[in-house]
Amino acid sequence: MTPEERLRELAVRHAAFAWLDRQRAAGKETFTQADTSGLALAGETIRLMPTQQGIWKPGQLTAALSFRTVYRPEGSDRPYDDNVGTDGFYRYKMRGSDPNHFENRALREAMLERLPLIWWLGVQGGGYSALYPIYLVGEEQADLQFVVDIDAVPQPDIVWPSVELELDPSYRQQLTKLRLHQRPFRAAVLRAYRTSCAVCSFRHSDLLDAAHIQEDGAGGRPVVTNGLTLCKMHHAAYDKRILGITPDYEVRINAEVLHEVDGPMLRHGIQEFHGKQLMVLPERRTQRPDRLLLEARYQTFLDAS
Ligand SMILES: [Zn+2]
């Protein structure tokens, strides 16, 4: 790759990441083919997602720009859940059985040039969540797979062709701090609840979380039926056992807090929800909270009271 080609690669990638940042800042969590096609980036008209296969190298570039993993339901082979090596790195399968297929060569080129890529992760209910920047840090040809580092800090020897990035060097680190599985989880849960708090229907996505019912540390799975979209306030109250949710989707407030006297936030934000049904639930029954998980979690609320 010539220095000019490398500069082109970096300019396009930088523009693509900045575009994704803006979309995410505007509350967009999942992307489709149509959303990510025909973009004017770094002086090119470019598509960010592969159409047919899993690996995408735009015609204007010499290395792959992105690759994709389709959504697979719980219980089937889930590459982004299960395909983590003992080294903690993820694996991405090569196309077909020939490591020198042109798409595999395009990925290898990104690896050798240490170019950051986008990993599109299929989300339950449709669309893809974007994980970026990620780096390929090795390949295991015998197993026909690349080794993916999703937590990599930007390569120190990359000289980005724009000063914009240097103004905010933390932005890419923030994005990769989230574990791989949490990104699709958040996107899927927010989508199922139409970007609204289940308790109060608050809709500002920056202040919404995808909460686990069975907690992460207790082995809770990152699936929609183990999730609830909650605003920051109700998420914290749920985690502190101030607020409980019964298996019948009814909200309960801890007796002590229920009788506390404070200001309007406590009264309207917490106490008034006691005995109310959840205001927002997924339309699809198969996406609603698992009652057994709710029951187990509700028991921990009762035990804490
Ligand atoms: Zn709320």
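Two strands are taken as paired if DSSP finds at least two bridges between them. Helices (H or I, at least four residues) and strands (E, at least two) are DSSP runs, numbered from the N terminus. The model is predicted, and local features require pLDDT of at least 70, side-chain atom pairs count only at pLDDT 80 or more, and totals for chains, interfaces and linings use all residues. Residues are numbered from 1 along each chain as its sequence is written, and side-chain values use heavy atoms, with hydrogens and water left out.

On these terms, six strands form an open sheet in the order 3-4-6-7-8-5, with mixed pairing. Strand 3 (55-56) and strand 5 (90-93) are the edge strands, each pairing on one side only. Within the sheet, strand 7 is joined to strand 8 (residues 145-149) by five bridges in the antiparallel sense, and L136 stands opposite V148 in strand 8. S66 has its place in strand 4. With 0% relative accessibility, S66 counts as buried (buried means under 20% relative accessible area, exposed over 50%, partly exposed in between, with a 1.4 Å probe and protein chains only). A polar atom of the S66 side chain lies 2.8 Å from the backbone oxygen of L48.

Aromatic contacts were examined next. Rings of Phe, Tyr and Trp (its six-membered ring) pair if their centres lie within 6.5 Å; planes under 30 degrees apart count as stacked, over 60 as edge-to-face and the rest as tilted. Seven aromatic pairs are present in the structure. One of them, between F17 and Y132, is stacked, at 5.5 Å centre to centre and 20° between the planes. This pair links distant parts of the chain, since F17 belongs to helix 1 (residues 3-25) and Y132 to strand 7 (residues 128-140), 115 residues apart. Both F17 and Y132 are buried. The ring centres of F67 and W119 are 5.2 Å apart and their planes are at 40°, so this pair is tilted. F67 in strand 4 (residues 66-69) and W119 in strand 6 (residues 117-122) are 52 residues apart, and their pair also links distant parts of the chain. F67 and W119 are both buried.

K28 is placed over the face of F31, 5.3 Å from the ring centre, and R47 over the face of W56, 3.8 Å from the ring centre.

The zinc ion has as protein donors C197 (SG), C200 (SG), C231 (SG) and H234 (ND1), at 2.1 to 2.4 Å. Donors are N, O and S atoms within 2.8 Å of the metal (3.2 Å for Na, K and Ca); water is not among the atoms, so sites may look incomplete. The angles among the four donor atoms are 95 to 120°, and the site is tetrahedral (four donors with all angles between 85 and 135 degrees). The donor residues are spaced C-x2-C-x30-C-x2-H in sequence. C197 is in the loop between helix 6 (182-192) and strand 9 (208-212), and H234 is in helix 7 (residues 232-239), so the pair ties together parts 37 residues apart in sequence. C197 and H234 are both buried.

Strand 9 is mostly covered, with five of its five residues buried. L208, A210 and H212 point one way from strand 9, and D209 and A211 the other way. Strand 9 runs antiparallel to strand 10 (residues 227-231), and five bridges join the two. In this pairing, L208 stands opposite C231 in strand 10.

Key: Lys NZ or Arg CZ within 6 Å of the ring centre and 35° of its normal. Tetrahedral: all angles 85-135°; square planar, octahedral: opposite > 155°, others 65-115°. Polar contact = N/O pair within 3.5 Å; in protein donor to acceptor, adjacent residues only side chain to side chain.
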